[in-house]
Amino acid sequence: MTVYLTRVENFNAAHQLWVDEWSDEKNMEIFGKCANKNFHGHNYKLVVTVKGSPDPMTGFVMNAKRLGDIIKTEITEILDHTNLNLDDNFLPEGIQPTSENLVIYIWKQLAPHLNNCTLHRVRLYETEKIYADYMGE
Ligand code: NI
């Protein structure tokens, strides 16, 4: 039996979406307010779901506290209160700091730290109305 367990963590970070080869007008047209030159912040909500069979003794797919600790150590404490463009400590150089790209790199960072269960989905809310999902494909 496969059961899905989800943990939610939060972080705040700043970014700017921009393509140097484009004009200011085109950047504003494509990225809107996310192209603002002086950066801006988002209150990100990170939703991580793992899947596995509940352990016969504990009944856990994994310890949810431990999942929270892994997410904090590997992701939110690294990204919190950073500038995703300038503080080059998570996304490789040249990767646009969108939620779509962040979920891919968050997945890569988390996956090796799980045992007895596997990652099912990484979901990142950039606003209450916009989120990106990555499921490892
Ligand atoms: Ni933005």
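Visitor: What makes Glu9 and Arg7 a salt bridge?

Guide: A salt bridge is a side-chain nitrogen of Lys or Arg within 4 Å of a carboxyl oxygen of Asp or Glu, and the closest N and O atoms of Glu9 and Arg7 are 2.9 Å apart, so the pair meets that rule. This is a predicted model, in which local features need pLDDT of at least 70, side-chain atom pairs count only at pLDDT 80 or more, and totals for chains, interfaces and linings use all residues. Residues are numbered from 1 along each chain as its sequence is written, and side-chain values use heavy atoms, with hydrogens and water left out.

Visitor: Why is Glu9 called buried?

Guide: Buried means under 20% relative accessible area, exposed over 50%, and partly exposed in between (1.4 Å probe, protein chains only); Glu9 has 11% relative accessibility and therefore counts as buried, whereas Arg7, at 23%, counts as partly exposed.

Visitor: How do you know that Asp24 and Lys37 form a salt bridge?

Guide: Their side chains meet at 3.0 Å, N to O, which is within the 4 Å of the rule. Asp24 lies in helix α1 (residues 24–31) and Lys37 in the loop between α1 and β2 (40–52), so the pair ties together parts that are 13 residues apart in sequence; helices (H or I, at least four residues) and strands (E, at least two) are DSSP runs, numbered from the N terminus.

Visitor: Why does Arg123 count as buried?

Guide: Arg123 has 14% relative accessibility and so counts as buried, while Asp133, its salt-bridge partner at 2.7 Å, has 36% and counts as partly exposed.
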